[in-house]
Amino acid sequence: MKQNKDQKMKKLIKFCAFMLACILLANCSNTRYLKPGQNLYIGAEVKINPDSNSKIDNAKQVKSALKDRTRPRPNKSFLGLRPKLLIYNLAGQPKKPKGIRNWLRNKVGEPPVLMSEVKLKYNNDVLKSYLISQGYLQAEVTGDTVIKRRRGKAIYTAVTGTRYKINQVTFPPDTGDLTKIINANKDKTLLKTGDYYDLETYKNERIRIDNDLKESGYFYFSPEHLILQVDSTIGNHLVNVNVKIKTIAPDASLKPYTIRNINIYPSYSLRRDSVLRNLKPLQYNDFNIYDNRNTYKPRVFDRLVFFKKGERYNRKDHNQSLNRMVNLGAFQDVRAEFLPIDSFKNNQLDLNIYLTPLKKNSLTFSILGTNKSNNFVGSELKITQTTRNIFRGAEQLDISASGGFETQYSGQSKGLNSYSLTGEAKLTLPRFIVPFYKPQSTAAFIPKTIISLGYQLLSRDTVYKLNSFKAQYGYNWKENQFKEHNLNPASVNLVVSNKDTTSLGYQQLIRDNPGLQYTLEDQFIIGSNYNFTYTDQMQDKRRHNLYFFGGLETSGNLWGLFVPKGEKGDKRLFNIQLTQFVRVETDLRSYYKVAPKVVWANRLNLGYGYAYGGSTSLPFVRQFFAGGTNDIRAFRARSLGPGTYKIKDDATFADQGGDIKMMLNSELRFKIVSILHGAAFVDAGNIWLRKEDPERPGSEFSLKNSLNEFAVGTGVGLRVDATIFVIRLDGAFPIRKPFLPSGQRWVINDIDFGSKNWRRDNLVLNIGIGYPF
């Protein structure tokens, strides 16, 4: 045993020595391509107060910020190597303007960054300026260079001194409307007594004051018309800040403006400019509408334009009007123009709104690659006809038809084929349509009423077919850029299955999967649903991003009051049982940037369904599933659970659904090179039935035993992230199997990558499109 350990240690030492030799060889090979007198620049080093015992706050952040501001940037490195520079050197000087050598040198490679490009005085001034902007008003920076073996670096020494704080802030005296507004909002100031001097905060304070004035009609005011005078001579490393209006500020910026005329051009183009301007406008409320084609009903603009004649200009109405016109999705170009009547003698503005509509009709044709959680891959052909402004109220009608073919690429059902035919019609109206009520919305985003009708035929090989009819009436609206609501008061879903119960294939399917018999019964779902989504993922500069989804669906509750009971006491419609249930689901995701190119992603997914009346479990189309490419990846799609139940290994279909779901995912994502990314992950969770199924022992949920019945899997993956699409390959294996006897469920000790049998039974490869969460 000791001899084996010694041999492993020797191998490790040899490997480390080999890697070190490679790094040294690569670095030396880069410098030997330099001309005489040239030295390779390898980066900057920053020292803060090296000869003083005084420490500054956030020293690491300040040092990093200073280093990031030095120029030039050295050649990119990875594990001590500079691969781009090495490729540049190895490619040599191309003899032709095109070809592989030219591509390697000029596209893939990177020319050497030389010490001669380092400008010490320039960098000294930049770093000193940054320190002063952070409140180190007495800072000094000196730079020097060190060269060894034709490789050099710049060393910058910063002596910061004590950081200054704000002692007092004064605003201009109240001498008129403008200064009165500034003083009325001074309690919102970003400049707080006792805070550190910070130039960025001063800039934001000017923007804050400008926003307050814009809300009160000061259209031509600008942050540049304000000056913040700083007095640092009062001692004790304190400063007084005096906010003043510049004496050279133009007169036009010092008075508020009101709206005189609101002119709207709903069908504008440069070609028709002169014709439209000479038209006699249609007078509608406060608007002058120039449109001889009557493109839109005039009342549409009541919901798009928030300005009124005679009122003061304000930025909120300006931004909301533009946002609504852009988010309406009816115009390819939106432009708002404010023109002064006479900026010297008058304080009025004319508002001209130029709108260029999108084409009324468009036809889109697409071929899509599909990848589903049940390991089905295939393609879908889809054609969509879009008709805009169909009733002259900026409505949109989308009629689509699609057909798809899929095959299952892994699992016991490998080679199983499926096809689908889908037709859908969706009418989107840019307003709330509520019977007996006329709601008002003043948000920047357009509320929508959506009416949809669809049909889908899904055929699973020759075993069964599902016909799904769906109709829905609902609303979609955004509270702000982060929060979105979807409410469907009326949702009808009829699922009718075609199956030959006498066929050998169907009988074998039921024997292999006892729970599937109920799921293939005809289902009539009449109810309502509501979904809420919160996300700040569009804010890329945040270090921590969140996503939250919450959904509530009911069936047979309110609408069930109007459905009569059948002979057996259950409620039926067209001789099909009305499904009655309440279903709740939440999905919380966290994305934390550990480093610039490393993200730690986590997800908590919970679901609960309560069926009642004549139903004992959720209908198949509303059940929860576990296992697959976007779920617990170490288990085959839909094969996990419910509870400790295990489906037969040779079953044709898995499709194990449940009423309750608990799932946790954790994934570390990192960039490898270019568009190639990697990931390491752990998934855990399971599904359960609310009531025990006698044919699936161990399927009932128990809060006490739920954690002990968790499945756990782990693995690694590769992603090709080309921004517009992501192709994903994950390899995973289980480390905890809930269907094993209690006390034997952890199977970490059984892992054996060298065993063919272990790999066949445990290693799962998942191909996916997009990230798992």
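Q: How many salt bridges does this predicted model hold?
A: The structure holds 26 salt bridges. Side chains of opposite charge can pair when their charged atoms come close.

Q: Why is the pairing of Arg 208 and Glu 205 called a salt bridge?
A: The side chains of Arg 208 and Glu 205 meet at 2.9 Å, N to O. The cut-off is 4 Å between a side-chain nitrogen of Lys or Arg and a carboxyl oxygen of Asp or Glu, so the label applies.

Q: What separates Arg 208 and Glu 205 along the helix?
A: About one helical turn, because they are three residues apart in helix H7, residues 199-214.

Q: How do you know whether Arg 208 is buried or exposed?
A: Its relative accessibility is 11%. Buried means under 20%, so Arg 208 counts as buried.

Q: What about Glu 205, buried or exposed?
A: Glu 205 has a relative accessible area of 0%. That value is under 20%, so Glu 205 is buried.

Q: Which residue in helix H7 lies four residues from Arg 208?
A: Asp 212 does, and the spacing is about one turn of the helix. Asp 212 also forms a salt bridge with Arg 208.

Q: What makes the pair of Asp 212 and Arg 208 a salt bridge?
A: Their closest N and O atoms are 3.0 Å apart. The limit is 4 Å, so the pair qualifies.

Q: Why is Asp 212 called buried?
A: Its relative accessible area is 18%. The cut-off is under 20%, so the word buried holds.

Q: Are Asp 761 and Arg 760 buried or exposed?
A: Asp 761 is exposed, and so is Arg 760. Their side chains meet in a salt bridge at 3.2 Å, N to O.

Q: Which residues are linked in a network of salt bridges?
A: Arg 633, Glu 667, Arg 669, Asp 683, Arg 719, Arg 728 and Asp 730.

Q: Where is Asn 75 found, and why is it called buried?
A: Asn 75 is in the loop between helix H2 (59-68) and helix H3 (83-91). Its relative accessible area is 2%, under the 20% cut-off, so it is buried.

Q: What makes the meeting of Asn 75 and Glu 110 a polar contact?
A: Their side chains come to 3.0 Å.

Definitions and conventions. Residues numbered from 1 in each chain as written. Predicted model: local features only at pLDDT ≥ 70, side-chain atom pairs only at ≥ 80, totals over all residues. Heavy atoms only, no water. Helix = DSSP H or I, 4+ residues; strand = E, 2+ residues; numbered from the N terminus. Buried < 20%, exposed > 50% of the residue type's maximum accessible area, 1.4 Å probe, protein only. Polar contact = N/O pair within 3.5 Å; in protein donor to acceptor, adjacent residues only side chain to side chain.
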